Amino acid sequence: MKKRLASLLLTGVLLGSLLPSALAAPAPVEDMAQVLSALDIMTGNENGDLMLSRRVSRAEFTKLVIAASPLGENVGAATNLSPYPDVPSSHWAAPYVEAAVAAGYVNGYLDGTFHPDEEITLAMGVTMAVRLLGYADSDFSGAWPAGQMTLYRNLDLDEGITAGQDSPMTRQDAMYLFYNLLTAKTRQGQTYISVLKPTLPLLNAAGEIDRVALVNSAMEGPVVMEPGWESRVSFDVSTATVYRGGSLSSLQALQQGDVIYYSKSMRTLWAYSTKVTGLYQAVSPNASSPQAVTVAGKTYSIETTTAAYDLSNLGSYKTGDTVTLLLGRDGRVAAVAKAGQAAGTLVGVISQVTDSSYTDQSGNSYTAKTVTLTATDGSVYSYPVEAKSTWKAGQLVQVALASGGEAQVSRLSQSSISGKVNAAGTKLGSTELAEDIQILDMNENGLAQRIYPSRLGGVSLDSDDVKYFRRNASGEIDRLILNDVTGDLYAYGILTSVEETDMSAAGILMGVYEYDVGGVSYTYPTQNSILNLSVGPVRIEGSLMAPTRMARLDSVKLSSLEALTAVTEDSRSFPVSQSVAVYELQGDAYQLSSLERVRVGYTLTGYYDRSVADGGQIRVVIARSR
């Protein structure tokens, strides 16, 4: 076995010497640091400094090896045993040295000492790393460390490492080694990270480390920000890196009622501020064991046992109450707010008014007139209103929590502002847009969707384009409702067949229109009217089955099409919609295609709905083979 393995390793070295150097670039240092910190293998000091230039002692490296082994979580910070004379039980590294020796990861010197403060060489570090992968010294023939170093190179454990075989390792060398180790194959053929964390799927389809899944697995919590919340976090929060709503923030920016997750190894806090206030309508599967709750017409999964208890038949809230839900990182209910923790004022546009069923505090069902609205956060909510109210789709409303706990729906007074949004999407005219701004684009039928500042870069807004805006305490715009500025609320496709009969004198006026949207064909017949359209790209308003209006698109010849930018033959630039519809015209037939397919070898025509300054984009591309 020894000879066979040595031969395989030698063959790998010879083959490698004949191939051009094409090793993948190492991952960015920040990415590696985040991964190793999330796994609690290598962390920085109290200030987050990894001290990458400092050399590593044998004791320090042994601790890293234990942290990178399946034993890591089971080794304590103290022991009653003295594994070596120069590593007494009082030595900080004693428990790690004891565990590493017992597991066969490290050996002492022949004189019975360990030399804990001696700088570790790359060869020593590599030997311990390949032992983590399941290789024993007996698997290698020849003098140490030739076999171990050959395996080190063949497994790509050397990516990014600058130390020579007999040179001392720095903490940066150690970081690269342990990061490379995670995706290396063990002696049994498994990826090492799957051995280290067998219950967590931390590799993506390409076999790379899934950092999102890893960081999520490292998060603890949630904790609701309220008096004394810091004591529930396992480290000093004053030293933490803080994210709020996905953006780098500060401890001072956290607010009462924020839902906070944390990682001690990463010394990081993640805060989420989404709150939902509305009528507690239902709980499922039942009030004895709540797993989901319906509030304001929308159902939310319950994340914590505390929230489940509060919403159960043993808790403080019953169906028919108005409650405030505090939502965590994935939109699940982390807590139910106590009195005084209101969600603030919600603003949006009514999409429909209907009658809906509710359950009162006694468990009796009743029907109430209900408005459904799309709020500036992009979510849809439903609230009961007075039967005599005259709400209708398209109206702007605000929802506020009254002193008695009821959610009150009221008319939102319109306010307007004008100016050009800068290219970065950070200013409207001279007014700053808040980092957490919520923007809604709506039309007269009550259709609305959330958009983001980047979508408005370079767009000029006049007073008719803005239905409502609100400033925060800093004078920045934090809520903005637009009047059909982007055109993103409509569908775009191809009219493939038009049959119009205009016999007005005889009282006959009718049409049959066939059209394709996203590869799906539709037919729309009209009675007593015609649309005066011809075959080609169109914008479709209203339902795809029964449009309220169809409109032609303007065309422009394109010379190039890269990413989401098109350049015309007269050198103008047009933004291309992320949902652009691409069709190949083959004779008289339109075939749905894709941008990737038609970039080369085709003559392209772009069709847009409005000028770029007014928020227009290329919505349809027709490709003809050259």
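Asp 139 counts as buried, at 8% relative accessibility; buried means under 20% relative accessible area, exposed over 50%, and partly exposed in between, with a 1.4 Å probe and protein chains only. Asp 139 is placed in the loop between helix H5 (122–132) and helix H6 (146–154). Helices (H or I, at least four residues) and strands (E, at least two) are DSSP runs, numbered from the N terminus.

The structure is a predicted model, in which local features need pLDDT of at least 70, side-chain atom pairs count only at pLDDT 80 or more, and totals for chains, interfaces and linings use all residues. Residues are numbered from 1 along each chain as its sequence is written, and side-chain values use heavy atoms, with hydrogens and water left out.

The side chain of Asp 139 has a polar contact of 3.0 Å with the side chain of Arg 187. A polar atom of the Asp 139 side chain also lies 2.9 Å from the backbone nitrogen of Ala 136. A polar contact is a pair of N or O atoms within 3.5 Å; within protein, one must be able to donate a hydrogen and the other to accept it, and residues adjacent in sequence count only if both atoms are side-chain atoms.

## Helix H5

In H5, 11 of the 11 residues are buried, so the helix is largely enclosed by the rest of the structure. Among these buried residues are Leu 122, Met 128 and Arg 131. Their cover includes helix H3 (58–67), H6, helix H7 (171–182) and helix H8 (192–196); contact here means heavy atoms within 4.5 Å. Just after H5, Gly 134 takes a positive phi of about 100°.

## Helix H9

Helix H9 (residues 211–218) has Leu 214, Val 215 and Ala 218 as its buried residues. Seen down the axis of H9, these residues fall within an arc of 95°, so they line one face of the helix. The arc is that of the directions from the helix axis to the C-beta atoms.

The cover over the buried residues of H9 includes helix H2 (29–38), strand S1 (220–224), strand S4 (259–263) and strand S5 (268–272). At the start of H9, a side-chain oxygen of Asp 210 comes within 3.2 Å of the backbone nitrogen of Val 212.

## Aromatic rings

Seven aromatic pairs are found in a search of the whole structure. Rings of Phe, Tyr and Trp (its six-membered ring) pair if their centres lie within 6.5 Å; planes under 30 degrees apart count as stacked, over 60 as edge-to-face and the rest as tilted. Tyr 135 and Phe 140 form a tilted pair, 6.1 Å centre to centre with 40° between the planes. Tyr 515 and Tyr 522 form a stacked pair, 5.6 Å centre to centre with 15° between the planes. Both Tyr 515 and Tyr 522 are buried.

The charged end of Arg 58 sits over the ring of Phe 114, 4.4 Å from its centre. The charged end of Arg 329 sits over the ring of Tyr 261, 4.9 Å from its centre. A charge sits over a ring if NZ of Lys or CZ of Arg is within 6 Å of the ring centre and within 35 degrees of the ring normal.

## The whole protein

The protein has 11 helices and 33 strands. Its radius of gyration is 32 Å, well over the 25 Å that the globule rule gives for 626 residues, so the protein is more spread out than a compact globule. This radius is taken over C-alpha atoms, and the globule rule is 2.2 Å times the number of residues to the power 0.38. Of the 626 residues, 46% count as buried.
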